[in-house]
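This report describes how the parts of one chain are arranged and held against each other. The sequence and structure come first.

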Amino acid sequence: MIDLLIINASVFNSFLKTFEKQNVSVKDGKFYYISDEDLHYLNPKEVLDAQGKYLIPGLIDIHMHIESSMVPPASFSPTALSHGVTTIVADSHEIANVFGVAGITAFMEQETEMDIFYAIPSSVPSTTMDRETTGGIIGVTEVRELLEHPKVIALGEAMNFKGITTEPDSLIRQILRETQVLKPFMPLEGHIPRVSGEDLAKFMFVGLTADHTHQSPDSILEKAKNGIFLEFQKKSITPENMAVINHYNLYEHMALITDDIMVDDFVTGHLDANVRLAIAAGLPAEEAIYTATYTPARRMGFQDRGAIMTGYQADFILLDDVPSFKIATVYKNGKQVSTAHPDMYFPESFYQSVQCRPLTEADLSFKVEKAMTCNVIAIQKVGTFTEHVQRTVAEKDGFLDWENSGLALIVVMERYGKNGNIGYGFVENALNEKGAIATTWAHDHHNVMIMGTSIADILAAQHAVLDMQGGYVVSVDGVIAASCPLPIGGILSDEPVPVLGKKLGEVRREMQRLGYKNTNEIMSFSTLSLPVSPKLKITDFGMMDVHTHELIPLMER
């Protein structure tokens with residue numbers, strides 16, 4: 001007796017990359033027999049008439065960060081399942097930067113219907129403790145401990161450029177060597193943005209074989225011909241990039257992933273949205289399905305999922321239509337998925353993690369005797385890369401007149417009660433109206449970060465984000481215009497996804513009204529503090545050149 005018989009379905013064959021009219025049987029949560037013959041003789045307990053719908057494997061996202069959705073695994077699971085995502089490999093380096101191994105353990109202990117595997121965060125901090133202050137650290141000892149956990153199947157993205165390319169005894173190099181000794185066949189994920197030539201070889205030489213960062217046609221070709229497995233997130237899924245994939249038939253060497261999906265976008269889509277985007281950008285629909293199911297499974301070494309195949313887990317999606325990728329229903333282990341909001345638990349200390357003093361006007365006033373040449377982070381309208389530029393800022397009444405400079409002041413404050421550091425910088429192409437944005441969701445150290453065009457708004461935003469123990473705040477003319485509280489470690493909420501998504505959407509709209517222009521305003525702002533994404537970023541130590549780790553002063557003397 002079988003548990004489920006699916007009839008009248010057009011079934012995706014991952015090995016031929018075609019759809020075939022077949023009947024599919026499920027037994028004990030696995031696919032049993034798949035055939036074009038009548039399978040009622042197997043005496044099914046339940047029969048599902050697909051009525052001509054298209055049956056494909058459940059989606060597998062092998063490079064993502066649950067925390068980017070701003071909800072814990074228990075809340076993430078039902079929403080992601082509704083979008084057809086049945087398996088993920090999560091690199092939880094955000095919660096690790098706040099709480100260390102305790103944060104990762106709290107994630108792994110939550111029960112979920114979705115299968116969640118983990119990649120050990122390899123870069124906590126993303127650089128070094130003398131360049132950014134974090135709440136937790138993942139060192140060699142912590143890596144050894146995590147390698148013993150059955151849910152751990154990969155090493156998360158290694159991203160310290162200087163540590164990888166020029167420092168043989170850096171922490172990241174030690175972690176890579178230890179992992180290769182203890183788990184020699186474990187996939188090692190890389191973070192390799194704008195890296196080429198011998199520097200690319202240096203990343204590969206230490207064992208890194210995949211990259212998920214922002215790609216161009218040239219970077220795709222160089223990395224693919226060198227054997228790098230390419231993982232395409234939204235900003236890299238463009239017509240020109242997909243044209244390169246099609247021209248060189250690179251489907252076996254790539255996967256579609258999400259990396260980061262903000263909660264307001266999460267309400268309407270996850271990996272399924274990127275599949276639709278890839279099809280619209282020119283990737284054949286069959287290849288889009290293949291690279292969101294089978295190739296990611298193979299990259300991570302899964303031997304039981306990624307295809308509609310006898311003996312594989314019965315994780316599948318019924319689509320109304322293939323080109324539009326419209327999902328009708330989703331099944332996990334042969335059962336239709338649940339969408340209930342679950343209960344969850346975190347220690348009380350996780351809700352009281354922001355230890356930072358309120359800013360004062362004196363903190364934002366800089367005495368000078370004349371106009372000064374200032375170093376500036378120039379943001380772009382697409383992606384998270386920045387450039388280093390210099391601008392002259394006038395003097396007024398003995399102080400730097402930055403409020404009338406056309407620039408925004410950005411401040412990063414250490415929030416773990418360790419050293420009280422404050423880093424300062426200027427940002428160009430950010431805000432063109434009077435206001436400020438504050439957050440504790442500051443990649444990857446998650447200190448308090450505030451950016452604004454007026455002292456009054458910076459103070460209002462920073463005080464508000466401290467009062468709510470973390471999240472996002474937008475201040476306009478000294479009044480809080482929008483907020484999204486994230487009280488769990490300053491990066492997560494236990495509210496339902498639709499409720500949280502609405503709040504973050506309000507924050508995004510207020511950022512847009514202040515003049516912030518980017519394909520993803522939230523991510524662009526939150527990664528201004530990410531010192532591994534080119535070119536100039538800021539931490540609680542100040543502005544920093546990503547490649548050299550040189551600290552860049554606010555003003556040239």
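D265 and R508 form a salt bridge in this predicted model, with their closest N and O atoms 3.8 Å apart. A salt bridge is counted when a side-chain nitrogen of Lys or Arg lies within 4 Å of a carboxyl oxygen of Asp or Glu, and between domain 1 and domain 2 the count is three. Polar contacts across this interface number 15 residue pairs, with both residues at pLDDT 80 or more.

On the side of domain 1 that touches domain 2, the elements giving two or more residues are α1 (73-82), α2 (93-99), α3 (101-108), α5 (161-165) and α10 (263-266). The largest share of that side comes from α2, with six residues. Sorted by class, the side of domain 1 facing domain 2 holds 17 nonpolar, 15 polar and eleven charged residues.

**The two domains**

The domain assignment places domain 1 at residues 59-302 and domain 2 at residues 349-551. Their C-alpha centres are 26 Å apart. In terms of contacts, 43 residues of domain 1 meet 51 residues of domain 2. About 3900 Å² is buried between domain 1 and domain 2, and carbon and sulfur atoms give 67% of this area. Which three residues supply more than any others of the area that domain 1 buries against domain 2? They are M70, R131 and T133, which together supply 19%.

**Annotated spans**

UniProt, in an unreviewed entry, lists "domain: Amidohydrolase-related" for residues 54-337. The annotation "domain: Adenine deaminase C-terminal", also from an unreviewed UniProt entry, covers residues 384-549. The table gives the secondary structure and end distance of each span.

| Span | Helix | Strand | Distance between end C-alpha atoms |
|---|---|---|---|
| residues 54-337 | 36% helix | 20% strand | 18 Å |
| residues 384-549 | 22% helix | 34% strand | 18 Å |

**Salt bridges in the whole structure**

A search of the whole structure finds 23 salt bridges. One of the pairs joins the side chains of D320 and K53, at 3.9 Å from N to O. D320 lies in strand β14 (residues 316-321), whereas K53 sits in the loop between β4 (46-49) and β5 (54-57), so this pair ties together parts that are 267 residues apart in sequence.

Definitions and conventions:
Residues numbered from 1 in each chain as written. Predicted model: local features only at pLDDT ≥ 70, side-chain atom pairs only at ≥ 80, totals over all residues. Heavy atoms only, no water. Domains from an automatic or database assignment. Contact = heavy atoms within 4.5 Å. Buried area = accessible area lost by both parts, 1.4 Å probe. Polar contact = N/O pair within 3.5 Å; in protein donor to acceptor, adjacent residues only side chain to side chain. Helix = DSSP H or I, 4+ residues; strand = E, 2+ residues; numbered from the N terminus. Nonpolar A, V, L, I, M, F, W, Y, C, P; charged D, E, K, R; others polar. UniProt positions renumbered as here; feature names shortened; annotations may be inferred.
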